[in-house]
Amino acid sequence: MIPAGTFILRMAKYLIFTTLLVIFSIGLGVVGYHYFGNLSLLDSFHMASMILTGMGPVVEMKSESAKLFSSFYALYSGIAFLSITAEIGRAPSELQSPM
């Protein structure tokens, strides 16, 4: 078993990485929905949050460019969600072995 300090540092590292990934993903969605979907920043944030968490779209995209962005963002979000979940679960699973 690894020392508690090492484990806490490892958990902090994974937490920082996943937090940055979430911030990047939300930011990407906000900019995209604001630009392509002509949504307000608040509506863009709401839409990006709902898509990233797998809840689904809130606002219907009307233009072709908005629909394309929304489609690719949804695909990206599925991969990002799985990556974030895997990273969060990875640190405790390494409790038995040193880095």
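Modeller: H1 passes H2 in a right-handed crossing; a crossing is right-handed if the near helix is turned clockwise from the far one by less than a right angle, and left-handed if anticlockwise. The model is predicted, so local features need pLDDT of at least 70 and side-chain atom pairs count only at pLDDT 80 or more, while totals for chains, interfaces and linings use all residues. Residues are numbered from 1 along each chain as its sequence is written, and side-chain values use heavy atoms, with hydrogens and water left out.

Helix H1 covers residues 4-36 and helix H2 residues 41-52; helices are DSSP runs (H or I, at least four residues), numbered from the N terminus. The two pack at an angle of about 130 degrees, their axes 8 Å apart. Axes are lines fitted to C-alpha atoms over the stretch in contact, with angles from 0 to 180 degrees between N-to-C directions. That angle makes H1 oblique to H2, the class left after under 35 degrees (roughly parallel), over 145 (roughly antiparallel) and 65 to 115 (roughly perpendicular).

On the H1 side, the contact (heavy atoms within 4.5 Å) is made by Val 22, Ser 25, Ile 26, Gly 29, Val 30, Tyr 33 and His 34. H2 contributes Leu 41, Ser 44, Phe 45, Met 47, Ala 48, Ser 49, Ile 51 and Leu 52. By class, this contact has 10 nonpolar, 5 polar and no charged residues; Ala, Val, Leu, Ile, Met, Phe, Trp, Tyr, Cys and Pro count as nonpolar, Asp, Glu, Lys and Arg as charged, and the others, Gly among them, as polar.

As for confidence, H2 has the highest mean pLDDT among the elements, 96, on the predictor's scale from 0 to 100.
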